[in-house]
Amino acid sequence: MLRRIALTLAVMFAAAPVQAQTMTNLVHQPPNGAEITMQLTDGTVLAQGFSDNDWWKLTPDNKGSYVNGSWTKMATLPSGYAPYAQAEAVLADGRVIISGGEYNFGEFAFTNQTAIYDPVANTWTMIDPPKGWTNIGDSPSIVLPDGRFVLGYKFKTKMAALDPATLKWTPLPSKGKNIENAEEGWTLLPDGTFLTYDVAAHPHSERYIPEKGKWVDAGDTVVDLRGPQNCCGNCIQYGPKNKCYDPPGEVGSAIRRPDGTVFATGAVPEGESKAHTSIWTPPSQGDKKGHWTPGPDFPNGDEAFDTPSSILPNGNVLAGGSSGQLYEFNGTTLTREPFNGAGGILMPLPTGEVLVGGFAVYKSTGTYDPSWAPTISAAPSSVTRGSTYQISGTQFNGLNQGAAFGDEFDTHTNYPLVRITNNATGHVFYERTHGHSSMGVATGSATIMTNFDVSSATETGASKIEVVANGIPSTAANITVN
């Protein structure tokens with residue numbers, strides 16, 4: 001469960017120009033804070049306000065700056081649903097789904113309510129939860145490469161997949177699952193499987209193979225990543241029958257790095273004084289499970305107790321500590337940066353910055369390896385405003401999910417954005433993408449396609465077009481806007 005931090009605290013942290021890394025407050029702060037931010041496929045950012053049922057949109061300025069962007073009030077959720085700590089995702093068609101919520105209207109509920117947001121119509125629509133699921137709560141979720149949204153039942157090992165086209169749920173087999181899904185997060189891998197490290201059954205980890213419908217052993221994390229089991233009281237009562245939930249503890253988030261390893265963060269285990277990290281190396285010849293290697297401990301008594309992380313264009317991981325302190329992991333060391341993110345969500349922006357809690361952007365040093373970038377193989381040379389086109393190439397989804405939190409507040413951004421920049425004015429326009437042929441990660445040489453709608457606001461004339469994934473752009477191609 002994310003700790004709520006007052007918005008007034010967030011604006012205290014400004015850029016420190018003497019540092020190599022910078023964190024810069026947005027000129028216009030989110031009007032009601034930002035519990036969670038989601039990167040929409042038209043380049044704007046959808047944010048849930050602190051009141052839980054109001055939503056706002058951040059639009060970058062005409063130079064593409066989110067620091068100088070502006071906020072617009074969007075549609076509120078239907079009556080009866082105001083979740084906090086829910087599952088969520090941006091779908092391949094550009095819509096946003098939210099499901100469940102540990103809280104509803106500020107009360108423990110583990111609600112099973114579910115809604116989908118259409119950014120074109122600016123409307124929320126309630127849909128049915130998976131059949132028989134009376135509680136969802138802060139459950140793990142993921143979008144598979146084929147576009148299905150997969151949800152885990154918090155109190156059991158059950159799983160279900162939503163077909164975005166039909167909005168129908170299908171139960172998924174979960175054979176071999178070691179323990180219930182409570183407080184776990186899922187990390188998508190290039191082969192379409194996903195990894196979790198257990199909380200209730202720490203230090204065990206496991207990997208789900210969708211085509212086989214089963215979980216397989218992924219080894220032990222070696223160091224304990226679980227925070228104390230008695231973190232939140234021995235019984236949280238919820239629902240009309242006052243059911244009891246005994247939290248198994250908390251861990252941090254996990255994210256895949258460009259080298260293929262997964263960096264996982266943890267809380268201070270019971271009886272210990274330091275919080276650990278661990279690094280998972282995927283299976284290879286002679287190593288069928290993959291294996292874990294202890295990473296650096298968090299310094300200064302800090303920990304990752306239900307906290308976010310995000311990938312940076314340079315391949316480092318930006319990790320949030322429970323104190324709000326920000327850290328960079330470069331594959332070897334975990335460096336404390338001179339900034340505090342106030343416990344806010346981390347999310348990559350197409351500018352190469354990371355949006356911190358909706359109130360600031362963080363920018364690191366260095367750059368990306370050119371081999372990580374998307375490439376455009378087929379694109380129109382001329383487009384007309386108000387029309388839809390296709391663009392294709394490689395690595396349109398990036399090398400990872402972009403960001404992670406865990407059992408809630410996931411802000412994955414592994415889908416292509418299309419950016420057109422006018423040559424004469426330098427003005428930047430993001431064109432809404434939809435219908436991505438894959439929602440995978442690290443798709444390599446496979447050709448990925450998406451559609452993009454050319455906005456009526458896009459300036460005409462000679463321009464450049466790019467595809468951006470997790471803040472890394474392709475080489476620009478020439479395009480004329482009519």
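1. A residue counts as buried at under 20% relative accessible area, as exposed at over 50%, and as partly exposed in between (1.4 Å probe, protein chains only). By that cut-off Asp-453 is buried, with a relative accessible area of 19%.

2. The model is predicted: local features need pLDDT of at least 70, side-chain atom pairs count only at pLDDT 80 or more, and totals for chains, interfaces and linings use all residues. Residues are numbered from 1 along each chain as its sequence is written, and side-chain values use heavy atoms, leaving out hydrogens and water.

3. A salt bridge is taken as a side-chain nitrogen of Lys or Arg within 4 Å of a carboxyl oxygen of Asp or Glu. Twelve salt bridges are counted by this rule.

4. Lys-154 and Glu-183 form a salt bridge, at 2.9 Å from N to O. Lys-154 is in the loop between strand 14 (149-152) and strand 15 (159-163), and Glu-183 in the loop between strand 16 (168-172) and strand 17 (187-188), so the pair ties together parts 29 residues apart in sequence. Strands are DSSP runs (E, at least two residues), numbered from the N terminus. Lys-154 is buried at 0% relative accessibility, and Glu-183 is buried at 4%.

5. Asp-453 pairs with Arg-432 in a salt bridge of 3.1 Å, N to O. Arg-432 belongs to strand 39 (residues 428-434) and Asp-453 to strand 40 (residues 448-453), 21 residues apart.

6. A network of salt bridges links Lys-177, Glu-184, Asp-198 and Glu-206.

Technical notes
Helices (H or I, at least four residues) and strands (E, at least two) are DSSP runs, numbered from the N terminus.
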